[in-house]
Amino acid sequence: MIKNIKSIIGISALSAVLLSSCDLERLPLDGPSAETFPANMQEAELGLLGAYKSLTLLDASSTPIWHVMDNITDIGYARPGNNYTSPITSSITTDNALATKPWGAHYKTIGRVHDVLDKLAEIQQTMSEADYKRIDGELRFIRAYCYSQLIELYGDVPLLTTSLQLGEDLPARTSKQEVEQFIIDEITAIAENLPVSQTNIKSSRASRIAAYMLKARVALYSKQYKLAAETAKIAIDLSDGVHSLTAFDSSIEYANKNHDAGEPEVSNIFGHQGFSSSKEWIWIAEYNGSISDNVHNQLYYMSSRLGKGVCYWGPTQNLMDSFQDIEGNYITESSIYEPQKPFENRDPRLDLYTVRPHSRFMGFQFEPNSSFPKVNNYWPMINGSASEPTAQTNADATNAYRSFSGYLWRKHTDLTDFQTTSVSGFSDLDIGIFRYAELLLIYAEAKIEDNSIDGSVYDAINQIRQRAMMPEIPQGLSQQELRTALRYERKIELANDGLRWYDLRRWGIAQDVMNGYIYLNRLANDWSATAVIRVDENANPVYNHDIAIKSFGTQEVVFKTNKDEYWPISSQEIDANKNLKQNPGY
């Protein structure tokens with residue numbers, strides 16, 4: 001593998017821009033030259049698109065990285081194996097593909113940005129001032145986003161603002177705090193040069209709103225709460241008439257009901273329809289099946305066995321027990337929760353975002369328990385060929401590689417992909433990066449942590465709860481009570497969006513949450529009301545382990561402080577650059 005810091009010197013502009021494996025000899029004589037690229041605005045735009053496409057290439061198990069990260073936390077679980085079990089057992093190594101891949105991928109994208117950005121001023125006369133500022137702003141936005149990911153995963157990282165030249169010393173690591181300030185300063189410099197929105201192209205390009213959201217997220221993560229609140233407010237105000245929460249479609253009626261009622265779907269937000277028309281998306285990673293290497297096989301890895309998938313990822317029992325009841329109470333405090341019917345009278349997002357026993361998923365009754373040798377196949381009804389479901393042998397209970405947690409993710413799947421997604425079928429379902437719901441929660445959290453609490457905090461949280469048909473949080477809460485309410489909403493609303501890994505670390509609770517056990521219910525057993533003792537101030541269920549293990553399987557988890565806050569740098573990178581120092585503990 002090419003050493004990725006070095007590769008910033010030599011990444012071919014042609015490969016970044018033309019997005020193919022063609023070499024120079026096979027290009028038309030009037031095509032772009034690596035020595036002169038970019039020579040005009042058209043080539044600069046091509047290079048910019050190459051940088052955007054580069055973001056889509058970071059995956060694990062053919063799943064875009066955003067939908068992998070929650071499955072190495074307390075709320076999601078991956079099929080057991082070195083790449084996904086070692087990160088949650090403090091046994092990750094310097095050659096672990098999941099841990100080391102983002103370093104190379106993000107620096108490759110930064111290199112593609114520099115291929116264009118380094119020469120952009122030289123061709124400024126070929127474009128209008130507005131176009132120059134926009135292209136410059138989009139490139140710097142992409143670079144800032146990559147650095148925002150790098151510092152959260154690895155801490156201190158080399159900060160490169162131009163391509164390295166041959167013979168130039170390879171860089172040492174820059175402090176995380178300095179990189180955070182660089183990102184904030186960059187966004188401050190370029191935000192007003194970007195269009196307010198780019199919804200005309202499915203929000204796949206950077207906008208002014210996206211830029212301010214990135215700045216607000218970085219400020220929040222770096223505990224600059226006043227700045228985060230102020231910046232998020234700018235983005236919210238700019239979003240007026242442009243971005244808003246999208247109401248769940250009528251299938252929310254099937255939440256809290258069983259498979260015979262219907263199949264809950266959230267494709268009008270998280271599916272093909274949503275990425276085309278939902279106002280909720282501020283910035284997305286766009287995939288296109290007609291472009292080489294611009295698809296993924298996420299649905300295959302997320303789907304049930306009957307749904308042509310391999311059940312690779314799924315929610316944990318810990319997440320399922322976190323959902324409140326429909327009256328806004330945790331299950332340990334609820335008067336309407338029944339352990340014998342645990343999926344009734346719950347926050348509708350339990351059924352909208354996850355798949356649990358007795359529900360319908362991908363057109364089939366989902367039952368991981370072997371007491372269901374046959375299940376209903378609803379496809380004859382969906383296709384209009386019959387008025388009743390047919391019986392189907394239940395592979396979701398018998399396959400050796402069925403769901404390892406007992407649950408699956410519904411969020412970020414689309415029923416329309418069912419016919420094409422399989423072992424050899426890929427999807428070009430887009431992936432959301434910035435969503436209006438997260439923006440509201442960034443604002444609310446920043447205001448809470450700054451202790452500048454007012455009605456706008458309640459409004460931001462309640463907008464999300466109202467959309468889910470959940471009761472509003474009561475007025476007059478203390479800072480700690482609001483913090484708990486906020487952390488519940490981030491855990492539930494942003495589940496499987498890829499942010500939980502970061503939340504556990506920045507809140508300083510990873511050493512508590514990720515030490516001990518996470519609980520799994522692969523056999524879909526019933527459980528006792530006393531399995532969960534309480535739900536704590538961070539919206540995390542606390543278990544009576546001796547009772548819980550009578551029903552649930554377990555995965556022991558280990559988090560070592562001063563080590564597992566960050567991932568290791570690849571040993572190949574350390575070998576290639578003697579100025580790099582490894583993270584502690586590796």
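Predicted model: local features only at pLDDT ≥ 70, side-chain atom pairs only at ≥ 80, totals over all residues.

Me: Where is the place of Asn399, and with which residues is Asn399 in contact, leaving aside its neighbours within four places in sequence?

Reply: Asn399 lies in the loop between α16 (395-398) and β11 (408-409), and, once neighbours within four places in sequence are set aside, Asn399 is in contact with Arg305 and Arg522.

Me: How many salt bridges does a search of the whole structure find?

Reply: The search of the whole structure finds 36 salt bridges, where the criterion is a side-chain nitrogen of Lys or Arg within 4 Å of a carboxyl oxygen of Asp or Glu. One of them joins the side chains of Lys176 and Glu152, with 3.6 Å from N to O. This pair links distant parts of the chain, since Lys176 belongs to helix α7 (residues 176-190) and Glu152 to helix α6 (residues 129-154), 24 residues apart.

Me: Are the two partners buried or exposed, Lys176 and Glu152?

Reply: Lys176 is buried because its relative accessible area is 12%, and Glu152 also counts as buried, at 11% relative accessibility.

Me: Which side chain meets Arg467 in a salt bridge, and which one meets Arg349?

Reply: Arg467 meets Glu280 at 2.9 Å, N to O; the pair links distant parts of the chain, with Arg467 in helix α18 (residues 455-467) and Glu280 in the loop between α11 (272-277) and β4 (281-285), 187 residues apart. Both Arg467 and Glu280 are buried. Arg349, for its part, meets Glu489 at 2.9 Å, N to O, and here Arg349 in helix α14 (residues 349-353) is 140 residues from Glu489 in helix α19 (residues 479-493). Arg349 and Glu489 are likewise buried. These residues also belong to a network of salt bridges, whose members include Glu280, Arg349, Arg467 and Glu489, together with Asp347, Lys411 and Arg435.

Me: How should I read a pair of packed helices?

Reply: Two packed helices are described by the angle between their axes and by the distance between those axes. In this structure, α6 and α7 pack at about 155°, with their axes 10 Å apart, and the two are therefore roughly antiparallel to each other, the cut-off being over 145 degrees. The crossing in which α6 passes α7 is left-handed. Among the residues that meet are Arg140, Phe141 and Tyr147 in α6 and Val179, Phe182 and Ile183 in α7. By class, this contact of α6 with α7 has 10 nonpolar, 2 polar and 7 charged residues.

Me: At what angle do the axes of α17 and α19 cross, and which residues make the contact?

Reply: The axes of helix α17 (residues 436-449) and α19 cross at roughly 160° and come within 10 Å, and these helices are therefore roughly antiparallel to each other. α17 passes α19 in a left-handed crossing. The contact is made by residues including Leu441, Ile442 and Glu445 of α17 and Leu482, Leu486 and Glu489 of α19. Its composition by class is 7 nonpolar, 1 polar and 8 charged residues.

Notes. Residues numbered from 1 in each chain as written. Heavy atoms only, no water. Helix = DSSP H or I, 4+ residues; strand = E, 2+ residues; numbered from the N terminus. Buried < 20%, exposed > 50% of the residue type's maximum accessible area, 1.4 Å probe, protein only. Axes fitted to C-alpha atoms, helices over the stretch in contact; angles between N-to-C directions. Parallel < 35°, antiparallel > 145°, perpendicular 65-115°, else oblique. Left-handed = near helix turned anticlockwise from the far one by under 90°. Contact = heavy atoms within 4.5 Å. Nonpolar A, V, L, I, M, F, W, Y, C, P; charged D, E, K, R; others polar.
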